[in-house]
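This report is meant to be read with the sequence and the model side by side. Please have both open before going on.

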Amino acid sequence: MAFSLRQLQYFVAVAENGSVSSAAHTLSISQSTVTEALRELELDLGFRLLDRHARGADLTLKGHHFLRHARKIMADVADARRALSGGETMALSGRLSVGVTPLVAGYVYSDLSARFRRAFPDVAVEAVEDAADYLEHLLVGGELDVAVMVLPPGRRSSALQTETVEVSPYRAWLPLGHPLSAEDRVSMRDLAGEPQVLLTVDEIAETSEMVWRRLGIRPPVAFRTRSVEAVRSLVATGAGVAVLPDLTYRPWSLEGDKIEARPLIEDLPAIEVATAWRRGSPLSAAASGFVSIAATRHGGRMR
């Protein structure tokens, strides 16, 4: 294969921005440059990565799988540059205790862990998953060096120092062919009569319910679950709709059924993923390296 890092960067930008025009704006280049790079990449790979339509572009099933590889390639190159720049020490050893909240465990931590192990192979990492409140207790008590957590919306602990890793807005998830998928944006009011599939981790369900109360609506609840894959399968098969942060969105269920996602008219507070450590406590060399890697997780990825 002869594809370039630049082609991968453009592909990732289109996948994450939802259209060639938005990606071109983010990258500060022309749309024709992005379009040509994608055309060459698809020719080289031998399959379509994107389905173009009037609203932008959606990943194909193979495009969805290739996106994971493209991100890994870009992260590996970024790690190699960091390691050879003299700014990192590969001789670091010891132990690192990390805490993660549930969404972080499923959608962020594996990438951070892999990148950290490549940069610091002699550091033994121990990780634990729990709710944000309990992770704060462990951080304050010195039982964890650092945590990666979904911060509770509108609340900041005076006991913790935090650094943002990702900010993820909410969108409505719809089954393929749903009438509202013809709209560019949907309102929570439009979903008021639809059965809701609620994700009950990291206060995701609470955010939706807060907006329902504010709007004076009470949609029927079809299912409550701690599993994002369960939400994805239920929405894809038409059992209900969901309102979830982009962090968790994948356009296909495990069974290969398509899921549409549309921006919301209402202003839901976006979730913030951040690294956190005890305020006033100096970070160990290993923890500092982990925080540094987390801060560059997206590389060229912008929202």
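## Basis of the model

The model is predicted, with local features requiring pLDDT of at least 70 and side-chain atom pairs counted only at pLDDT 80 or more, whereas totals for chains, interfaces and linings use all residues. Residues are numbered from 1 along each chain as its sequence is written, and side-chain values use heavy atoms, with hydrogens and water left out.

Three strands form an open, antiparallel sheet in the order 10-7-11. Its edges are strand 10 (242–245) and strand 11 (259–263), each of which pairs on one side only, and the twist from one strand to the next averages 40 degrees. Helices (H or I, at least four residues) and strands (E, at least two) are DSSP runs numbered from the N terminus, and two strands pair if DSSP finds at least two bridges between them.

Strand 7 (residues 170–175) pairs with strand 10 in the antiparallel sense over four bridges; Trp-173 has Ala-242 of strand 10 as its bridge partner. Helix 8 (residues 204–215) packs on the sheet, touching strand 7 and strand 10, and its direction makes about 120 degrees with that of strand 10. Helix 9 (residues 228–236) also packs on the sheet, where it touches strand 7, strand 10 and strand 11, and its direction makes about 50 degrees with that of strand 7. Contact here means heavy atoms within 4.5 Å, while axes are lines fitted to C-alpha atoms, for helices over the stretch in contact, with angles running from 0 to 180 degrees between N-to-C directions.

## Helix 8

The end C-alpha atoms of helix 8 are 17 Å apart, which agrees with the 16 Å that its 12 residues should span at 1.5 Å a residue; the expected span is 1.5 Å times one less than the number of residues. Helix 8 is followed by Gly-216, whose phi is positive, near 70 degrees.

Buried residues (under 20% relative accessible area; exposed is over 50%, partly exposed in between, with a 1.4 Å probe and protein chains only) of helix 8 include Ile-204, Ala-205, Val-211, Trp-212 and Leu-215. The buried residues of this helix pack against several elements, among them helix 5 (102–107), strand 9 (221–225) and strand 12 (271–278).

## Two loop residues with positive phi

Ser-28 has a positive phi of about 60 degrees although it is not a glycine, and its place is in the loop between helix 2 (20–27) and helix 3 (31–45). At 64% relative accessibility, Ser-28 counts as exposed.

Asp-202, also a residue other than glycine, has a positive phi near 50 degrees and lies in the loop between strand 8 and helix 8. Asp-202 is buried, with a relative accessible area of 15%.

## Cavities and a pocket

There are three cavities of 30 Å³ or more, and the largest cavity holds about 40 Å³ of space. Its lining includes Leu-198, Ser-208, Trp-212 and Ala-242, and the elements giving two or more residues to that lining are strand 8, helix 8 and strand 10.

The second largest pocket has a volume of about 240 Å³. It is lined by 17 residues, of which Ala-131, Ala-132, Val-201, Asp-202 and Glu-203 lie nearest its centre, and helix 7 (132–140) and strand 5 (146–151) each supply at least two residues of the lining.

On a 1 Å grid over the protein atoms alone, a cavity is a set of points where a 1.4 Å probe fits but cannot get out, a pocket is an open set with protein on both sides within 12 Å along at least five of seven lines, and lining residues have an atom within 4 Å of a point. Grid points are joined across faces, edges and corners, and a volume is the space filled by probe spheres set on the points.
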